[in-house]
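Trainee: Could we go through this model together? I would like to begin with the charged side chains and then turn to a sheet.

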Amino acid sequence: MPVKPLTRRLRRLYKSVQELGPRQVALFGLYRLQLKSGWMKMRTPPPHEPHAAPAMFLPLPAVDLISAALGSSGRAALLQEADEIAAGKVRLFGGEPVPLQLAPLGEQAPMPHWTDYDNRQAPVAWEDVKFVWEPARFGWACTLGRAYFTSRDERYAEAFWQAFELFRRANPPYLGPNWISAQEAALRILTFTLAYHLLAGSPASTPERMAAMGQALAEHAWRILPSLSYARAQHNNHLLSEAAGLFTAGLALPNHPKAGSWRNSGWHWFNHGLNSQIEDDGTYTQHSLNYHRLMLQLALWMDTLRQVGGVAWPLAAEQRLKEAAAWLAALVDPVSGGAPNLGPNDGAYILPLTVRPFADMRPVLLAAQSAFSSPGEPLEASVPADCSELDEMALWLAARRERPAPGLRDEPRRSTRSLALQNSGLVLDHPKIDSWAYLRAARFRGRPGHADQLHLDLWWRGFNLALDAGTYLYNGAPPWDNALVKTMVHNTLSVDGRNQMRPAGRFLWLDKVEAQARLSFLPDGAWQTASAVHDGYQHRGVRHERQVESTACGWRVEDRLLANEEFPRSRPAKVRLHWLLPDLPWQVLEEDALAGLRLDAPAGKVLLTIQVRSAGETLPANHLTFSLARAGSLLAGSGDTAPTRGWWAPTYGKLQPALSLAVEVLLPLPFSLQTEWRLEG
């Protein structure tokens, strides 16, 4: 290998050890060694021993409680989606119905062993493997099972069993892409187990099929342990998912010789994951709303199972889960149930036990607060009294409480006022109008997902006004190969066209940026100003501070660019301020000292203006280079427009146009950019 590439690789390895820690890097190195040596392939040979039908152990709610929670409209929605699935269509990542594909390579043999893909010895026949994995998670089986549970329509049971049999024929143990990830195997253990219980009373659940289910659960459990070093190295949802899968398999197959080992390993590693991945303030290590929800769902599943298994949460784990539920409550919009599209969002919704839309976080929130709050503590007040559909998930996964009477709830409102989330930023409620904001200021224990420090998310009457672009695709063709992780697409500043951190792979940032945030308060306890600062551009001689405050009818955001004392800057700074806005009717403002837009939002008119200030004076607008783009095309102003600009992804694989407003400034430090949001309606 030439000297320069080798030097770069060694430098990157050194930096990875510095920032990820030697344990994580060593565990990943162990996994790669086991993979390359062939040891991993030897540990996952096709099993031959037959197994009996799984045990019936999962506690299920009464049918009348589920029916009451659904109501007539919810029941109709559930059966409509179940009919789609029975007809061969599924909704991946909360999207529109698409054909259910469970045989990615057809049903022919031979198929490559899963290790051959990781070793690059087998051809890859897909652009993004997530579109292979998602239907094979069998999350849609939750819909079929719930529909059968409430209607006893045999079509739904038969549809599941036929799909289960097709999957087993088309994906023999440890062969093909659906066995590459042990996490995928673990998630199937959960969905298989739930569907098995929901369909147990159906004539379609024959003894032969139930025995095949026992065999499948054993095969999936065997897949997890050999590569557990990889899950531990990831320090994220992989470990929690795989631990939950092992614990579930140990309860489902009590007579299996490995049942005790699976239960013990699963319980140990799940608690280890909770304690190492959830901060004291409830922040989850992946800094992602999507993965925060996934973590809570896994914890709810384990909370249900641990009562069957006769184990209790350690006090530390239970407290962290309580704080994680409170963290989610702080970031859920009380009107829509939506939340900022923070961090990696690959559409994971492993147990969709609700008819509510994919983006509605309240079903998981209500279930988590039901399970992990203290006895006698009130449930989340932002859940409206007239929407009993939100209770369904809590009935399936939170056995501590029955559904509260609607009269015990308040009208939708935020349960928490402005507060600091110590490791992830500030949540700000406007004191006069129905609006709130989230100012991103993270401290990372794990790997950052996006370069998004000091991003601002803004909501008004249930509508997301200042957007986070989301994720779209991890593995798309350029330019869509995880393109929405960059600083330039977030509602923050970039300097000299650089990201706040250094990309070192699709899922790895080096030179992690740390941020600090604080709230100042008035004597009556109301918040006055919010401020945050990060060190991402200190090596370029620039310090970025952001201050947010409420105005009589909106928000004021001031971005200050200061010279860094350690790395003084001798030349002007080229700064770009970006705002990503919904695809609304717009009009460009043309004033001497301002750049901005008028927008027609569902709740009323929005006036957004930007001005630059230096030495205490407002400079003319000709100091700003203004541009407005939509869906990769320039609409107004001047400058180059990247094809990835002016888009947002509400969920994985789904891309929608958005308005991208940017201003660029080239001035000596210090100076500031001031954005005013005026909300009228």
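Trainee: Which residue forms a salt bridge with R356?
Mentor: In this predicted model, the partner of R356 is D360, and their closest N and O atoms are 3.1 Å apart.

Trainee: Is D360 buried or exposed?
Mentor: D360 is buried, because its relative accessible area is 2% and the cut-off for buried is under 20%. R356 has 23% relative accessibility and therefore counts as partly exposed.

Trainee: Which residues are linked with R356 and D360 in a network?
Mentor: Salt bridges link R356 and D360 with R362 and E389 in a network.

Trainee: And how many salt bridges are there by this rule?
Mentor: The count comes to 28. One of the pairs is E219 with R168, at 3.0 Å between the closest N and O atoms. E219 belongs to helix 10 (residues 207–224) and R168 to helix 8 (residues 154–170), so this pair ties together parts that are 51 residues apart in sequence. E219 is buried at 6% relative accessible area, whereas R168 is partly exposed at 27%.

Trainee: Changing topic: what is the strand order in the open sheet of five strands?
Mentor: The order is 9-16-25-21-22, and the pairing is antiparallel.

Trainee: Which strands stand at the edges?
Mentor: Strand 9 (493–495) and strand 22 (633–637) do; each has a single partner strand, so one side of each is left without a neighbour in the sheet. From one strand to the next, the twist averages 25 degrees.

Trainee: How many bridges join strand 21 to strand 25?
Mentor: Six bridges join these antiparallel strands, residues 625–630 and 659–667 respectively. T625 stands opposite E664 in strand 25.

Note on methods
Residues are numbered from 1 along each chain as its sequence is written. This is a predicted model: local features need pLDDT of at least 70, side-chain atom pairs count only at pLDDT 80 or more; totals for chains, interfaces and linings use all residues. Side-chain values use heavy atoms; hydrogens and water are left out. Two strands pair if DSSP finds at least two bridges between them. Helices (H or I, at least four residues) and strands (E, at least two) are DSSP runs, numbered from the N terminus. Axes are lines fitted to C-alpha atoms, for helices over the stretch in contact, and angles run from 0 to 180 degrees between N-to-C directions. A salt bridge is a side-chain nitrogen of Lys or Arg within 4 Å of a carboxyl oxygen of Asp or Glu. Buried means under 20% relative accessible area, exposed over 50%, partly exposed in between (1.4 Å probe, protein chains only).
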